[in-house]
Amino acid sequence: MSATSGEPASGSVTALLTWRARDVRDVRGIGGSVARRVVIGDLRVQAVERDGRGRSFTIVHPDGAVHEAADRFLRGYDGSGTQRIYAYLLLDHLRWLEREALAPETVSLQDLKRYMVALGAAWRGPYGQPWREGRRPFGQSALSAAAACVKGFYLHQALLGINPELGPQLHLTRLPSRADRQRAFLGHVQRELPANPLAPPRQRRRHPKLPPDGAREMLLEAVTTARDRLVVTWLADGGFRIGELCGLHLADLHLRDGAACAQCRSPHVHVCHRDGNPNRAAAKTKHPWQPENGVITGGLIKRASPAMIHAYFEYITTEYPQDAGHGMLLVQLHGDSAGQPWTPDAARGMLRRAGTRAGLGKVIPHAFRHGFATAVLDASGGNLVIARDAGGWASTTVVSETYAHADLHDPAFGAALRRVWGEQR
């Protein structure tokens, strides 16, 4: 194994973990962030390579020694994206404990609630000194993830006999709702579900941030390379997450009718989750996939539009390097890393700069996914199944809660209100 801190591997794992790694965390998609800085004399997250099988994440002390309690908890999520998220969320909590002169062995439920308030949870009354000063509070999803991480950590501690009084206070249950019963197998026999006293009240996800009007056309004029035009086109027409797009391999693209996979007659793309991509990009969903006689089958299948196919062939015939041995779709075009796989952060930066040049302000890749879902739902007459499968969501409930509502700017919406207001006068 080798650490990913930029220093050549040598010696034992313990020696590797003593290198001063960068504490870099940008909690995209769930809100909030941890400052980008070199950590000296502080707890930090350490990523460790697993010989081509992805990375594992743990927490280490300033001297490089592994934080045993955190490591035991994080091992239960080894090999999953959850481990990375929980590592950084747990790091923030452990640093807060040090600041408050508390320890995992003695912390109380009231202390944990104070921590959630410090992250941004609603609270009536004072709660102590500010935490994460100068940074925006966690959003709803980030608070839910932090609550699940903290609860899981202390339940794991209680199972080991550490702070056992806290375990029963966190191990609560609630009655299942109608939505819970509909989602679960044999939901009609459920009598209770686990509850988290640290979690914020659940809020409906409505009115997501859509791209500005005309953003696609204006960005296509502002970008300067065929690769960037491909990114804008595929985000707008395919509803890709940025990790999915940057994680695509050329073998995943079946851009002709009657492809050999025989899973979709029209041109399409197989979105496959891979842990070992050199640019660290990976699909969020882990649909089973495999190569059969050199042909990719399975994964999440997304239809490809004619504009997507045109953008692909423009890019592949003019800018894609002929000697790229990694087989990934998006590559760096300039600099010392020319020809290497393009990272999601680089793609975000390209869109941000192009949005500024086009006068659109900050453009976020995920806004195109929201716009794609809204457009598909409108074009299909509100068919939730079509919108779910087109975008690759886990359930129609997500689509319904997020997108299945009236457009506040729809002329029909405004006409209905004006008619009501006219009747009231």
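Val420 is partly exposed, with a relative accessible area of 39%; on this scale, buried means under 20% relative accessible area, exposed means over 50%, and partly exposed is in between, using a 1.4 Å probe and protein chains only. The model is a predicted one, in which local features need pLDDT of at least 70, side-chain atom pairs count only at pLDDT 80 or more, and totals for chains, interfaces and linings use all residues. Residues are numbered from 1 along each chain as its sequence is written, and side-chain values use heavy atoms, with hydrogens and water left out.

Val420 sits in helix α16, which covers residues 411-424. Helices here are DSSP runs of H or I with at least four residues, strands are runs of E with at least two, and both are numbered from the N terminus. Together with Leu417 and Trp421, Val420 makes a nonpolar surface patch of about 260 Å². A patch takes residues with over 30% relative accessible area and no salt bridge, joining like charges within 9 Å and nonpolar side chains (Val, Leu, Ile, Met, Phe, Trp, Tyr) within 5 Å. A salt bridge, in turn, is a side-chain nitrogen of Lys or Arg within 4 Å of a carboxyl oxygen of Asp or Glu.

Zooming out, the protein has 16 helices and eleven strands. Of its 425 residues, 44% count as buried. The protein exposes about 22,600 Å², with 53% of that supplied by carbon and sulfur atoms; these areas come from the Shrake-Rupley method with a 1.4 Å probe, and for residues only the protein chains shown count as cover. As for contacts (heavy atoms within 4.5 Å), residues 24 or more positions apart account for 57% of those with a separation of 6 or more.

Now for the inside. A nonpolar core is a set of buried Ala, Val, Leu, Ile, Met, Phe, Trp, Tyr and Cys residues joined through side-chain atoms within 4.5 Å. The largest one has 44 residues, and Trp234, Phe240, Leu248, Leu329 and Leu330 touch the most other members. At least two residues of this core come from each of α8 (215-222), α9 (226-238), α10 (242-246), β8 (268-271), α11 (306-318) and α12 (344-357). Helix α9 gives the most, with seven residues. Leaving aside residues up to four places away in sequence, Phe240 touches Trp234, Leu235, Leu245, Leu248, Val269, Val271, Lys302, Met308 and Arg369. There is also a second, separate core of 40 residues, which includes Phe57, Ala87, Leu119 and Phe153.

One of those names, Phe57, turns up again among the neighbours of Gln83, which touches Arg55, Ser56, Phe57, Leu74, Arg75, Tyr77 and Asp78, not counting residues up to four places away in sequence. Gln83 lies in helix α3 (residues 81-99) and is buried, with a relative accessible area of 2%.

Strand β8 also belongs to a sheet. Three strands line up in the order β7-β8-β11, forming an open sheet with antiparallel pairing; two strands pair if DSSP finds at least two bridges between them. β7 (253-254) and β11 (300-303) stand at the edges with a single partner strand each, so one side of each is left without a neighbour in the sheet. Between β8 and β11 there are four bridges, in the antiparallel sense, and His268 stands opposite Arg303 in β11.

Charged side chains pair up too, with twelve salt bridges in the structure. Asp228 and Arg227 form one of them, their closest N and O atoms being 3.0 Å apart, and both residues are buried. In another, Arg348 meets Asp345 at 2.8 Å between the closest N and O atoms. Both of these residues lie in helix α12, three residues apart, or about one turn of the helix. Arg348 counts as buried at 17% relative accessibility, whereas Asp345 counts as partly exposed at 42%. Arg99, Glu100, Asp111 and Arg114 are linked in a network of salt bridges.

Finally, a word on the backbone. Most residues other than glycine have a negative phi. Arg280, however, has a positive phi near 65 degrees; this residue is in the loop between β8 and β9 (289-292) and is partly exposed at 39% relative accessibility. Asn293 also has a positive phi, about 55 degrees, without being a glycine. Asn293 is in the loop between β9 and β10 (295-298) and is exposed, with a relative accessible area of 82%.
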